[in-house]
Each structure stands twice: as C-alpha cells, then as structure tokens.
Amino acid sequence: MNRIHTLVVGGTRGIGRALVRLFCSEGHLVSVIGRHQPDSADQVLPGARHWTVDMRDERRLGAALKDIIRRRGKLSRLVFLQRYRGGDGEDAWAGEIELALTATKNIIERLIPHFDESAERAIVIVGSPAGDFIASERDLGYHVAKAGQNQLMRYYAAVLAPYGIRVNGVSPATVLKEESKSFYAKNRRLRDFYRRITPLGRMGTAEDVAETIAFLCGPKAAFITGQNIFVDGGLSLLWQESIVRKHAPPK
Ligand SMILES: NC(=O)c1ccc[n+]([C@@H]2O[C@H](COP(=O)([O-])OP(=O)(O)OC[C@H]3O[C@@H](n4cnc5c(N)ncnc54)[C@H](OP(=O)(O)O)[C@@H]3O)[C@@H](O)[C@H]2O)c1
C-alpha cells in the first residue's frame, strides 16, 4: 500500500510542527513548507521533508509545489497553518490577505490535479475564532483574513465534493505550544484564569488541535465537509456577560 502523503503548509513551528510530528509518528510521508528550517530534531523526523520558501513569492512557491509532487508523489491531505507575523515597514493588511487567502487559494488550485484518487482526500484550513468574533488584541487584517478563510473553506468544500476531496476548518482558541509554554509558566494567573473560564477546565494544546486536524483528514470523517470545528474546550459556548459576572472581582 502507498504511504499517505500529506503537505503541511506552515509546519515548521507552533501547531503545524505538532501536526507534522503526529503524522510522522503514524508513518506518513509529510512534506512541509515554511520560510525556515525547523529545529534540528524535527529536520530528521522519519517521513518528513522540508521546503524552505516564502509563500508570498508565487514563482518560488510554484517551483516548490512542483518539486514536492515530483519527488514524493500524489497528495492525500493538505493542511494550512501559515500565520502572518509581520515585518518592519510591511503593510500588515496586505500581508494577512496575501498569506491567509491568496496563497491558500493558489496552492489549492495548483494541487487539485495532484490528489491521489485511490486515497482518502482532505484539505483542512486552520482559522481562528477571530473569523467569527472580535479579538481586541488582533488587527483588522487578521479578522478579515480569518473570516475569508471560513468562506474559502466552504466554497471549496462545495466545489471539490464531487471530486471526493473534503474541505474543513479548525478554529483553535489560544493554545499552549512549545513557543508559548514559558510565557504561561511565568504568567500563572493568566493561565489559571483561562482554566477557570473554560468549561473543560484547562487551556488547549497544539496537540489537541493536531488531533482534530488528523481526525478531519482521516476516513473516520468521511462524510464531513464544509464544517468549521472550534477547538476551545467549550469557551465559545458561554455568553460573555456570564463570564464577567462569575469572575468579576469582589467589591
Ligand atoms: N497558537 C494559537 O494559540 C492560535 C489560536 C488561534 C488560531 N491560531 C491559528 O493557527 C494557525 C497556526 O498558528 P501558530 O500559532 O501555530 O503559528 P506560528 O507558530 O506562527 O507558525 C506559523 C507557520 O507558518 C509559517 N509561515 C509564516 N509565514 C510564512 C511565509 N510567508 N511563507 C511560508 N511559511 C510561512 C511559519 O514558518 P516559518 O516561521 O519557518 O516562516 C510557521 O511554520 C494560524 O492559522 C493561526 O491563526 C493559532
């Protein structure tokens, strides 16, 4: 049997890296796109191979995608986790739209002919609750890009369903990932507050999100398409005023 080939876009750090580790542990071929190489231990994960490219460079991105298919064969799964992190003097609005929307669309369009018809085929786009709610610490571009990703996901879910390609979204609340663990270790009051306001009683982790993505990619989700799953321990179920009333400081 052919090994499952998964492309993880934005898999060099954060949630994407947790997903690459999970898929590698399950024996997949995992092709990874990012601007940098990951840490040395992740460079040698069995089955993983990294392409270092800035996705905003369409020409280099096109060449990398061609190379991935040529070297590793047709795709079964495609997951988007890239996140615009800005840069000095850059236009953040343009950067968000280009990275979250234009690059996602371009990659999907280029790769549709290269999905393996003999395998379970799925695309997952990782968004954010900021696609549905207003997050005061994020700028307008992030909100519009995340809302756009939701609709892009639904559009492709409808258009690609007849080809047997399922498309879903995952929206994580703030999660603990390797890069943020020391911050939350030093800020225990904030972490405790997350724990108290989250119905399931803890902060989520990059691994919680990776497991949800893996489920949506796999055969157990064979009849699910066009859905956006919140991975937030139930936080988005609560009416904000109830949180304020319950946790308001005593007089
Ligand atoms: N972490 C959270 O708590 C959280 C909460 C809500 C939603 N999310 C969503 O979850 C997704 C992943 O978040 P994260 O926190 O794991 O992000 P992250 O740690 O910043 O990782 C982002 C990934 O995107 C890659 N990337 C960024 N710009 C790129 C470019 N121009 N070209 C190619 N690759 C690029 C990065 O690779 P390089 O660094 O090598 O360039 C990295 O692999 C995002 O969609 C984010 O909005 C995360």
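A salt bridge is a side-chain nitrogen of Lys or Arg within 4 Å of a carboxyl oxygen of Asp or Glu. The structure, which is a predicted model, holds 13 salt bridges.

- Arg17 and Asp39 form a salt bridge, with 3.4 Å between the closest N and O atoms. Arg17 lies in helix H1 and Asp39 in the loop between strand S2 (29-34) and helix H2 (40-43), so this pair ties together parts that are 22 residues apart in sequence.
- Arg17 also forms a salt bridge with Glu178, where the closest N and O atoms are 3.5 Å apart. This pair links distant parts of the chain, 161 residues apart: Arg17 is in helix H1, and Glu178 is in the loop between strand S7 (175-176) and helix H6 (181-186).
- Arg21 meets Glu178 in a salt bridge as well, at 2.6 Å from N to O. Here the partners are 157 residues apart, with Arg21 in helix H1 and Glu178 in the loop between S7 and H6.
- Through shared partners, salt bridges join Arg17, Arg21, Asp39, Asp42, Glu178 and Glu179 into one network.

**Accessibility of the salt-bridge residues**

- Arg17 has a relative accessible area of 6%, so Arg17 is buried, because buried means under 20%.
- Asp39 is partly exposed at 47% relative accessibility.
- Glu178, with a relative accessible area of 43%, is partly exposed.
- Arg21 counts as partly exposed at 29% relative accessibility.

**Helix packing**

- Helix H1 (residues 14-25) packs with helix H8 (residues 206-217) at an angle of about 55°, and their axes are 8 Å apart. That angle makes H1 oblique to H8. The crossing of H1 past H8 is right-handed.
- Helix H4 (residues 92-111) and helix H5 have axes that come within 8 Å and cross at roughly 15°. H4 is therefore roughly parallel to H5, because angles under 35 degrees count as roughly parallel. H4 passes H5 in a right-handed crossing.

**Nonpolar surface patch**

- Trp93, Leu140 and Val144 form a nonpolar patch on the surface, and together they have about 290 Å² of accessible area.
- Leu140 lies in helix H5 (residues 140-160). Its relative accessibility is 57%, so Leu140 counts as exposed.

- With 55% relative accessibility, Val244 counts as exposed.
- From C-alpha to C-alpha, Val244 and Glu211 are 31 Å apart in space, and they are 33 residues apart in sequence.

How values were computed: Residues are numbered from 1 along each chain as its sequence is written. This is a predicted model: local features need pLDDT of at least 70, side-chain atom pairs count only at pLDDT 80 or more; totals for chains, interfaces and linings use all residues. Side-chain values use heavy atoms; hydrogens and water are left out. Patches are made of residues with over 30% relative accessible area and no salt bridge: like charges are joined within 9 Å, nonpolar side chains (Val, Leu, Ile, Met, Phe, Trp, Tyr) within 5 Å. Accessible areas come from the Shrake-Rupley method with a 1.4 Å probe; for residues, only the protein chains shown count as cover. Helices (H or I, at least four residues) and strands (E, at least two) are DSSP runs, numbered from the N terminus. Buried means under 20% relative accessible area, exposed over 50%, partly exposed in between (1.4 Å probe, protein chains only). Axes are lines fitted to C-alpha atoms, for helices over the stretch in contact, and angles run from 0 to 180 degrees between N-to-C directions. Angles under 35 degrees count as roughly parallel, over 145 as roughly antiparallel, 65 to 115 as roughly perpendicular and the rest as oblique. A crossing is left-handed if the near helix is turned anticlockwise from the far one by less than a right angle, and right-handed if clockwise.
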